[in-house]
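Please work through the exercises below with the sequence and the structure open beside you. Each exercise is a task sentence followed by a worked solution.

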Amino acid sequence: LGARAAAVLGTRQVFFAVVTTTAVLISVFVPISFLPSTAGRLFREFGVVLAVAVAISSFVSLSLVPAAASRLPATGSGSRMVRALAGFGARLRDFYSRSLGAMLDRPWLPVSVALLFAAGATVAFQLLDRELIPPEDRGEFSVHAQGPEGVGIGYTDRQTRQVEDVLQPLVDSGEAAALFTVVGTWDPNRSRVKVPLVDWDKRERSQQQIMAAVEGPLAQIPGARVSVSGSNSLDLRRAGGELEIALVGNEYDEIFIAAQALATAVESRLPDFGSLDISYDPTQPQLSVQIDRRRAADLGVDLDNLAATLRAMIAGEELIDLNVEDEAVPILLESSSGEINDPSDLVNLYVDTAGGQLLPLSSLVTIKEEGVATQLDRQAQRRAIEIDIELPASYPLQSAVDDLKRVAQEVLPPGVSMIFMGEAATLEETSREVAITYAIAFLVIFLVLCAQFEGFTSALVVTLTVPFGVAAAVFALVLTGTSVNIYSQIGLVLLIGLMAKNSVLLVEFADQLRDRGYEIRRAVQEGASVRLRPVAMTMISTVLGGLPLVLSGGAGAEARSSIGWVVFGGLGIAALFTLYLTPTLYLLLARFSKARAEESQRLGDELREAHAVGGEH
């Protein structure tokens, strides 16, 4: 055909397929843009960008591409390389046509293989590690140290210097650029050392390997709890590698006993877990002044004056602000002999009575020294004690959650329950939302295809093919050792749209051939052979487009490779389902529906009959 005629006729042939695939992709990507919480933060931008890009792409493919193609010069026989490639393509098409014919003669064979493949993927999915975010080498990590409650800056500084001694060899070897230390972070007994690493191409070990190497020596430092943490793309992990939970109940003492029992059980039954840190630590020294209120009332001692005396003598009491040159200068009432820092001196203070007499505090108060918790937490509007559990980088988060649930069910008493926080809570929430996303995607694909194909059969063929593409992605994750995380789940959603698009290319052209009068077997075999080239072209280009995600390095490369392996491996394996399973399902299901041309003819006959009846009346 001439270039202009080929452009017009080719555009007419693929017009319905382009419109249908565009509608399918947009209907998949738009609903996921409305997911809430953490999953929505990623899917929202992902869905909107892809939906807009697909819409623009469909407009370009139906306007600019045909216009440009109509101006292509005649190529003639082409070069030797072009003829060689054309010959290879023809042989490949002939092989596909023959092999497809053999499969269509035995439709039970591809269906059985596909079902076995799906069953294997179901089993393989249980073996996959499940986590919210994969460990990422972002070129820096932090070391947090915490001493006992009540210690001062001097103690924390000494312990932090031991941490620096462990980390200094990283700087000497050239793996770390420097050490940045802050002593007294949030509390006097806490410190943090930030370790920025050199560029990725200047070191042989990854960030995770370096962190694993220093964890052992840091854990040996006495008098401090030391943890190593790394950041991630979503900045969700407060201290990377930690599992955060909270025990909730009615009384703190009861919860604390349960927390100690759970910690003992975890240390004995789950040896792969790291150290546990219980936030409730009733060792903070506190001086309690207990007032005999009845005796104070009998002696005429005002409790407000008594409290003001204690404040002034211990820490000073602010009386008023004096404005000096637009600056507020506080006026403090303090003891002339200095602050009282010995508890025994408190009882030697005097307070005046209503009659103007001075009485020693020893006749009114009792001093009691006791240990109390530094903070009282609440979660879910209940009293709570938080527990942080260190996890090694090789321990999948979902496995840790399941193991801890099993131990907690056996150990925790009635009235005390466990809730997950931080990354673990986000993982559970995201898993539910993504499952809903998949269900919505499948339902929307089916409904949109029903509207586009004006029937259920062709829409059902395309929809039934999509799950086998997801199964192929599962095997791709297993073969590459990639976990199921938020990024690989994004790739799975993308794969659902791509699988539906490729199946539409085959099914839509088979429907066109049926409209021309072809019987089902001939229509599906010839349609698949003709559409082999565009299906292969789009699939190869998409697979190669995902290759840079797999090969890239630098900060966050692990997150990008999770998406890349799903697209690269999953779509590559799923090509067989598109090329063989889709025609087989079409052959089995298309017999239950008539061609659209027959339905259109039937509608025309009925309308003409209706007009004739109307004319008689």
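A charge is said to sit over a ring if NZ of Lys or CZ of Arg is within 6 Å of the ring centre and within 35 degrees of the ring normal. The model examined here is a predicted one.

**Exercise 1. Find the ring over which the charged end of Arg522 sits, and give its distance from the ring centre.**

Solution. Start at Arg522 and follow its side chain to the charged end, which sits over the ring of Tyr518. The distance from the centre of that ring is 4.0 Å, and the cut-off for such an arrangement is 6 Å.

**Exercise 2. Classify the pair formed by the rings of Tyr96 and Tyr580, and locate its two members in the chain.**

Solution. A search of the whole structure finds six aromatic pairs. In the pair of Tyr96 and Tyr580, the ring centres are 5.4 Å apart and the planes stand at 70°. Planes over 60 degrees apart count as edge-to-face, so the pair of Tyr96 and Tyr580 is edge-to-face. Elsewhere, Phe117, Phe468, Phe475 and Phe577 form one aromatic cluster.

**Exercise 3. Describe helix α8, including its span and the elements against which its buried residues pack.**

Solution. Helix α8 runs over residues 252–269, and its 18 residues reach 25 Å from the first C-alpha to the last, which is close to the 26 Å expected at 1.5 Å a residue. Among its buried residues are Tyr252, Ile255, Phe256, Ala259, Leu262 and Val266. An α-helix has 3.6 residues a turn, so residues three or four places apart point the same way. The buried residues of α8 pack against strands β5 (242–249), β6 (276–278), β13 (377–379) and β14 (382–390), and against helix α12 (397–411).

**Exercise 4. Identify the residues with the most contacts inside the largest nonpolar core, and the element that gives this core its largest share.**

Solution. The largest nonpolar core has 112 residues, and Leu243, Leu247 and Phe273 have the most contacts inside it. Its largest share, 16 residues, comes from α15. Leaving out residues up to four places away in sequence, Phe273 touches Leu243, Val266, Ile389, Glu390, Leu391, Tyr395, Ala400 and Leu404. A second, separate core of 18 residues includes Val143, Leu170, Leu197 and Ala224.

**Exercise 5. Decide whether Thr20, Asn502 and Leu333 are buried, partly exposed or exposed, and trace their surroundings.**

Solution. Thr20 lies in helix α1 (residues 3–29) and is buried, with a relative accessible area of 0%. Its side chain reaches the backbone oxygen of Phe16 at 2.7 Å, while beyond four places in sequence Thr20 touches Leu449, Gln452, Phe453 and Val504.

Asn502, in helix α15 (residues 486–515), counts as buried at 2% relative accessibility. The side chain of Asn502 makes a polar contact with that of Lys501 (3.4 Å), and the contacts of Asn502 beyond four places in sequence are Val535, Thr538, Met539, Leu571 and Thr578.

Leu333, in strand β9 (residues 327–333), is partly exposed, with a relative accessible area of 41%. Beyond four places in sequence, Leu333 is in contact with Ala312, Gly316, Glu317 and Leu319. The C-alpha atoms of Leu333 and Phe88 are separated by 96 Å.

Conventions: Residues are numbered from 1 along each chain as its sequence is written. This is a predicted model: local features need pLDDT of at least 70, side-chain atom pairs count only at pLDDT 80 or more; totals for chains, interfaces and linings use all residues. Side-chain values use heavy atoms; hydrogens and water are left out. Helices (H or I, at least four residues) and strands (E, at least two) are DSSP runs, numbered from the N terminus. Buried means under 20% relative accessible area, exposed over 50%, partly exposed in between (1.4 Å probe, protein chains only). A polar contact is a pair of N or O atoms within 3.5 Å; within protein, one must be able to donate a hydrogen and the other to accept it, and residues adjacent in sequence count only if both atoms are side-chain atoms. Contact means heavy atoms within 4.5 Å. The expected span of a helix is 1.5 Å times one less than its number of residues. Rings of Phe, Tyr and Trp (its six-membered ring) pair if their centres lie within 6.5 Å; planes under 30 degrees apart count as stacked, over 60 as edge-to-face and the rest as tilted. A nonpolar core is a set of buried Ala, Val, Leu, Ile, Met, Phe, Trp, Tyr and Cys residues joined through side-chain atoms within 4.5 Å.
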